[in-house]
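Subject: Structure for you to look at

Hello,

Here is the structure we talked about. Please open it first, then read the notes below it.

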Amino acid sequence: MATSSPSPIAREHSGRHHPPHWWQRRSVRYGALSTLLALSGLVILALVRLQTGTEGFLVGLGLAVLPVPWLIAAFRWLDRVEPGPWRNLIFAFAWGACAAALIAIVANSFATHWIATAAADPDDADTLGATLIAPVVEESAKGAAVLLVFLFRRRDFTGLVDGVVIAGVTATGFAFTENILYLGTAFGEDRVTGAGGIVSVTAATFFVRVVMSPFAHPLFTVCTGIGFGLRALAAPRQRVRRVLFPIGGWLLAMTLHGLWNGSASFGQFGFLFVYAGFMVPAFGLLTWLAIWTRQNELRTVREELPTYVFAGWLGPAEPFVLGSMRARRVARDHARHHLGGRPAAHAVARYEAYATSLAFLRRRARRGRAGADFLAREHELLAALWRRREVARPALEYAARVTAPRPQWPAYGHPAVPYAGYGYGGYGSGYGYPSVPYSGYNPYRS
């Protein structure tokens with residue numbers, strides 16, 4: 001997080017900029033966070049290995065890793081319209097696998113022990129702990145990652161998809177560590193009893209946790225992510241909603257988690273009833289919501305970017321190309337094969353991401369939800385686009401010719417529709433740049 005610069009008066013008195021305090025430096029914060037996660041990882045590794053044994057740990061690790069690439073790929077696919085930085089996903093996965101898992105193991109063990117000693121029937125301690133304590137502890141620990149990204153990476157957290165992705169990746173990391181523990185413990189039991197094959201405890205645990213319900217933990221925590229995503233979309237004046245959305249998502253996550261954990265105590269067919277009656281429909285509903293939101297993001301790109309075509313910043317075909325995932329892919333492939341290899345493809349990908357962020361920024365401003373740094377952020381994104389225009393523009397024009405059955409963009413540059421400046425009330429009319437044709441205009445020429 002960048003620190004604010006001294007005021008002009010302070011600079012006049014001091015004659016120079018004051019360096020940030022050591023604890024405000026980005027390298028110090030990153031180092032502290034990395035150290036915290038690394039220590040949590042070492043501790044959770046030791047605890048899991050202590051409970052499963054070395055052989056059980058290795059077996060659990062090999063089986064638990066199987067669904068991880070598929071889940072990460074699914075969330076990354078969902079985030080393709082405006083892909084967030086990998087560092088956020090790495091942090092989310094590491095937090096879930098290390099910090100959240102450690103908090104859950106310690107807190108759940110303590111709570112279960114307390115219930116066993118305080119309850120009249122200690123045999124119910126595990127059931128009560130799994131149904132009442134574990135959902136609160138685990139969803140709070142996983143939700144902390146969503147909260148941290150929301151607070152300290154606010155620029156990367158702008159809507160529902162961002163909340164779903166961060167929450168889902170965090171829960172995937174948590175489920176990975178938890179599956180190592182459960183599968184390793186099951187393998188140890190099979191070693192003691194001599195069971196093997198499909199009738200073993202390991203096979204049954206693998207089928208339930210990895211085959212039937214790899215989405216369980218992501219489903220729970222995604223509710224918290226949706227709450228924070230709605231919080232990001234709420235206008236500043238909607239103060240009650242901005243508070244209730246995250247809390248409501250967190251409560252829903254705990255409710256679903258408790259229902260899932262308590263399904264075994266609902267009778268012989270309780271698990272199947274909860275799975276078929278609640279989990280699968282909830283998973284289908286959230287999947288539909290995520291895909292609908294992704295399509296709505298593409299529609300936002302097509303609707304908002306023509307403003308910048310009028311002003312001469314974008315070519316007339318670009319809103320169509322940037323609003324189509326197929327056209328985007330064609331542009332990147334063309335850049336890779338004909339315009340300079342992987343660096344050119346990366347430049348086009350970054351251009352697509354910055355243009356999408358620009359469209360979302362304008363939509364928020366038009367709805368009165370942009371922050372005070374709107375103009376600065378807008379010019380920052382426009383400058384990033386301008387630096388990549390020489391590679392990106394030919395690739396996008398090629399994609400438009402290949403993917404559009406007929407021209408989709410003649411109205412953007414029509415002389416009967418002049419650019420008159422799009423003011424947002426408090427932000428003033430226009431954007432601070434002139435309405436000029438693209439050719440020959442370079443506002444960043446020294």
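L244 lies in helix α9; helices here are DSSP runs of H or I with at least four residues, numbered from the N terminus. The model is predicted, so local features need pLDDT of at least 70, side-chain atom pairs count only at pLDDT 80 or more, and totals for chains, interfaces and linings use all residues. Residues are numbered from 1 along each chain as its sequence is written, and side-chain values use heavy atoms, leaving out hydrogens and water.

Helix α9 (residues 239-261) packs against helix α8 (residues 216-233) at an angle of about 170°, with the axes 6 Å apart. Axes are lines fitted to C-alpha atoms over the stretch in contact, and angles run from 0 to 180 degrees between N-to-C directions. The two helices, α8 and α9, are therefore roughly antiparallel, a term for angles over 145 degrees. Residues in the contact (heavy atoms within 4.5 Å) include F220 and F228 of α8 and W250 and W260 of α9.

A search of the whole structure finds 13 salt bridges, each a side-chain nitrogen of Lys or Arg within 4 Å of a carboxyl oxygen of Asp or Glu. R191 forms one with E55, with the closest N and O atoms 2.5 Å apart. R191 lies in helix α6 (residues 160-193) and E55 in helix α2 (residues 26-64), so this pair ties together parts 136 residues apart in sequence.

Regards

Conventions. Parallel < 35°, antiparallel > 145°, perpendicular 65-115°, else oblique.
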